Amino acid sequence: MLNFLKQVGDYAKETAQAAKFIGQGLSVTFDHMKRRPVTVQYPYEKVIPSERYRGRIHFEFDKCIACEVCVRVCPINLPVVDWEFNRETKKKTLNHYSIDFGVCIFCGNCVEYCPTNCLSMTEEYELASYDRHNLNYDNVALGRLPYKVTEDPMVAPMREFAYLPKGAMDPHDLPKGTQRAGRLPKDILAEIEAEEAKKTPANAAAEEKSSS
Ligand code: SF4
Ligand code: SF4
């Protein structure tokens, strides 16, 4: 008898759990029923990439000192730095530089560690090609700046979904000049600078003293 009651109890518990999980699943479904589908009419419309988007790398030839730090920090030693030693100036002379975007994982290590900041990540993501060898960019190709989505006259830029104002579901509906959710990096920088400026030397000394 006791065994039977235990089995009934287990069955009731499992039924309640199953009902809870079904309810959780359906809550997601019902939540999506309230949302409108958003279709981006690519390539006539493009979503503006986020500020920290890690797209195709830009390279400034004149700034490079051929130190090869980018090669050492790259997880796959990808950048090819072709240089020769100039005996007269006792410095390295850069001949060619290339990165193969067919292999690059866009981790951004090379950009982060380059001592002269000659590498930077752009917002370019359209790298599709019929020939994988075309993805091996030399210093000339790397030196080209991409068209910004917001500056391309052929494209209607659309606000990234994460930056839509509160309550907005569809970037097509936004009137021009609508404030986006979240602040721009330049606004945050201005705020930090204002806070730094507020700190008088006496305050800074007091803070240092209290932290030590
Ligand atoms: S780390 Fe920067 S400066 Fe050094 S070789 Fe690479 S791109 Fe050039
Ligand atoms: S982004 Fe990463 S994988 Fe690509 S070249 Fe730089 S360090 Fe290497």
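How many residues surround ligand 2, and which of them are the closest?

Author: The model is a predicted one, in which local features need pLDDT of at least 70 and side-chain atom pairs count only at pLDDT 80 or more, while totals for chains, interfaces and linings use all residues. Residues are numbered from 1 along each chain as its sequence is written, and chains are lettered from A and ligands numbered from 1 in the order in which they are written.

Ligand 2 is surrounded by 13 residues, a residue being near a molecule if its C-beta atom, placed from the backbone, lies within 6 Å of it. The closest are Cys74, Cys104, Cys107, Asn109 and Cys110. By class, this shell comprises eleven nonpolar and two polar residues, with no charged ones; here Ala, Val, Leu, Ile, Met, Phe, Trp, Tyr, Cys and Pro count as nonpolar, Asp, Glu, Lys and Arg as charged, and the others, Gly among them, as polar.

Ligand 1 likewise has 13 residues around it, with Cys64, Cys67, Val69, Cys70 and Cys114 the closest. Its shell has eleven nonpolar residues, one polar and one charged.

Cys114 also belongs to the largest nonpolar core, a set of 14 residues in which Ile57, Phe59, Ile99, Cys118, Leu119 and Leu142 are likewise among those with the most contacts. Such a core consists of buried Ala, Val, Leu, Ile, Met, Phe, Trp, Tyr and Cys residues joined through C-beta atoms within 7 Å. Two or more residues of this core come from each of β2 (57–59) and β4 (91–100). Leaving aside residues up to four places away in sequence, Phe59 touches Tyr97, Cys118, Leu119, Asn139, Leu142 and Gly143, contact meaning C-beta atoms, placed from the backbone, within 7 Å.

Over the whole protein, 9% of the 212 residues count as buried, that is, with 20 or more other C-beta atoms within 10 Å of their own; 12 or fewer make a residue exposed, and values in between partly exposed. There are six helices and seven strands, taken as DSSP runs (H or I, at least four residues; E, at least two) numbered from the N terminus.

The C-alpha atoms of Gln17 and Asn86 are separated by 74 Å. The C-alpha atoms of the protein fill a box of roughly 100 × 65 × 50 Å along the principal axes.

Technical notes:
Contact = placed C-beta atoms within 7 Å.
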